[in-house]
Amino acid sequence: GGGGAYGGAGAGAGSGGLGFVGSRRIVSGGNSGGAYGQADYKGMVVDAGDVPAGCGCAGEGVQTGCVSVGCAQVAGPSMMTFVGTGAGDYITTTTYTYVGDGAGNLRMAQPTKVAYGRIGCLVLTLLLIAGAAIAMMMMPATTTTTMEPQKMAIAQAVTPPAEQMPMKMGECTFWGDPHINTFDGGRPSFYGEGEYYIVKSDSVIIQGRYLGTKYTAGLAATDSIAVGGDFLKGHVITVGSLRDGPIVVDGVPVLTRFPSEHVLEGVGVLKYSGEGELVDQATKDWEKKVVTMELPGDVRVEVFRWANYLDLRITMPKQPNQDGSCGNMNADASDDTTEAIFARIGARVPNGELLFMNRAPVTLTEVEEKLLLMCEPSRLAKARTACARDLSVVRGEPSTVQTKSCLLDLCYGSNEHTLKMAKSLGLVPEIIE
């Protein structure tokens, strides 16, 4: 079978043959056909003018006419199929071309490969590199300091993380009858007897027992303290004046020798010695017997034990919900007054919160009774109302002497020199001098 480009009889050979008559080609035998054209003209000469539209003439001779006619068809989908009555071979490829000298066979033509994807990736990579370089050029210059590994480790150890930086510490001091300097620098005074909160917070609890002495005409001084709360894991440390006997932890005497040391396992260390900076220089000629408590959370308590009272220094960071005779540690001394403290936490420690084994009996001396009579009437009336409220924390109806003790606090709590005033008014017997 014969074939030509698009106008020929087909791509594959038919079953017949092809002969030559003069200058004309005459189809004889079977049909010719193929993928791109077909011809059903058998053994005849076709005039060129009779070729249908869209078909081609093959083998024109000296006479007008065509030996074979090939008709082009519109390409179908990407899948190739046989058309016509021929039996030509084909190979499915992206692009097909006729080859040979009319042999009608096909050969796969490789499509031109253009590396658009690779070129695009290369261009994108170059753009990213250029952008990064420009960004680095626009950044401010930084200085890199190299350090030997050993020195770097030391530097890291010396500079702790911000969250581990030491907290701001506060100091509260007690001395005499009792004079108090709160954490914020306030100067309240407490002249009545009973058990008070020195420090009350969520974890750290320090309570004080204030009792009168003959040297203070019954006006209270700090007789003993009790330290407890969650930060001590349930332990209670009690330290009294020298007349009160031994120092005890959970009711058991410790530090029975002077000097000595006691380790509270997992909690802290107690030391009993003659070391410590005095709170009151008026005691400089007396033998110092100091209990120093190094406790969890950077809490440090120094207790100076004298014959019938204590001087006291407490150093600690601010605690959650803190208040007491040492104030609320809010950097405002103006609210560290006796009246304000009572209004916030009550005038005395409630029974259910007492760290001491029991309450001390409350007494009132003749000097104190005279001082109450001298209290300005409007101030005394206000104090009565406040004491009725602030003593409600004590179980049961407060006794008359408890009420008077509270009134003494509120009438004279703003005067840290009440004893001196009483002496100047001749209220204190000569024997007290």
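This is a predicted model: local features need pLDDT of at least 70, side-chain atom pairs count only at pLDDT 80 or more; totals for chains, interfaces and linings use all residues.

Tutor: Let's go through the rings, the strands, the charges and a few other spots.

Student: Okay, rings to begin with. How many aromatic pairs does the structure hold?

Tutor: There are 8 aromatic pairs. One of them is Phe-190 with Tyr-196, an edge-to-face pair with 5.5 Å centre to centre and 65° between the planes.

Student: Are those two buried or exposed?

Tutor: Phe-190 and Tyr-196 are both buried.

Student: And Phe-190 with Phe-342, why is that pair called tilted?

Tutor: The planes of Phe-190 and Phe-342 sit at 40°, so the pair is tilted, with the ring centres 5.9 Å apart. For that label the angle has to fall between the stacked limit, under 30 degrees, and the edge-to-face limit, over 60.

Student: Where in the chain do those two come from?

Tutor: Phe-190 is in the loop between strand 10 (179-181) and strand 11 (194-200), while Phe-342 is in helix 3 (residues 338-345). They are 152 residues apart, so to speak a link between distant parts of the chain.

Student: Which residues form the aromatic cluster?

Tutor: Phe-174, Phe-190, Tyr-196, Tyr-210 and Phe-342 form one cluster.

Student: What about charges over rings, which ring has Arg-209 over its face?

Tutor: Arg-209 lies over the face of Phe-356, 4.4 Å from the ring centre. Another case is Lys-289, whose charged end sits over the ring of Phe-258 at 5.2 Å from its centre.

Student: Which strands does strand 12 pair with?

Tutor: Strand 11 pairs with strand 12 in the antiparallel sense over 6 bridges, and strand 13 (residues 220-228) pairs with strand 12, also antiparallel, over 8 bridges. Strands 11 and 12 form a hairpin with 4 residues between them.

Student: Now strand 21. How many of its residues are buried?

Tutor: In strand 21 (residues 310-317), 7 of its 8 residues are buried. Strand 9 (residues 169-175) runs antiparallel to strand 21, joined by 6 bridges, and Thr-173 has Arg-313 as its bridge partner there. Strand 20 (residues 299-305) pairs with strand 21 too, antiparallel over 6 bridges, and the two form a hairpin with 4 residues between them.

Student: Salt bridges next. What's the count?

Tutor: The count comes to 15 salt bridges. One of them joins Lys-382 and Glu-339, with the closest N and O atoms 3.3 Å apart. Lys-382 is in helix 5 and Glu-339 in helix 3, so that pair ties together parts 43 residues apart in sequence. Lys-382 is exposed at 53% relative accessible area, and Glu-339 is partly exposed at 36%.

Student: And Asp-409 with Arg-348, are they buried or exposed?

Tutor: Both count as buried, Asp-409 at 0% relative accessibility and Arg-348 at 6%. Their closest N and O atoms are 3.2 Å apart. Asp-409 lies in helix 6 (residues 400-412) and Arg-348 in the loop between helix 3 and helix 4, so the pair ties together parts 61 residues apart in sequence.

Student: What about Arg-389 and Asp-390?

Tutor: Their side chains meet in a salt bridge at 2.6 Å, N to O. Arg-389 is partly exposed, with 44%, whereas Asp-390 is buried, with 3%. Elsewhere, salt bridges with shared partners join Glu-171, Glu-294, Arg-300, Glu-302 and Arg-313 into one network.

Student: Last topic, the surface. Which residues make the nonpolar patch?

Tutor: Leu-122, Leu-126 and Ile-129 make a nonpolar surface patch of about 310 Å². Leu-126 sits in helix 1 (residues 116-138) and is exposed, with a relative accessible area of 51%.

Key: Residues are numbered from 1 along each chain as its sequence is written. Side-chain values use heavy atoms; hydrogens and water are left out. Rings of Phe, Tyr and Trp (its six-membered ring) pair if their centres lie within 6.5 Å; planes under 30 degrees apart count as stacked, over 60 as edge-to-face and the rest as tilted. Buried means under 20% relative accessible area, exposed over 50%, partly exposed in between (1.4 Å probe, protein chains only). A charge sits over a ring if NZ of Lys or CZ of Arg is within 6 Å of the ring centre and within 35 degrees of the ring normal. Two strands pair if DSSP finds at least two bridges between them. Patches are made of residues with over 30% relative accessible area and no salt bridge: like charges are joined within 9 Å, nonpolar side chains (Val, Leu, Ile, Met, Phe, Trp, Tyr) within 5 Å. Accessible areas come from the Shrake-Rupley method with a 1.4 Å probe; for residues, only the protein chains shown count as cover. A salt bridge is a side-chain nitrogen of Lys or Arg within 4 Å of a carboxyl oxygen of Asp or Glu.
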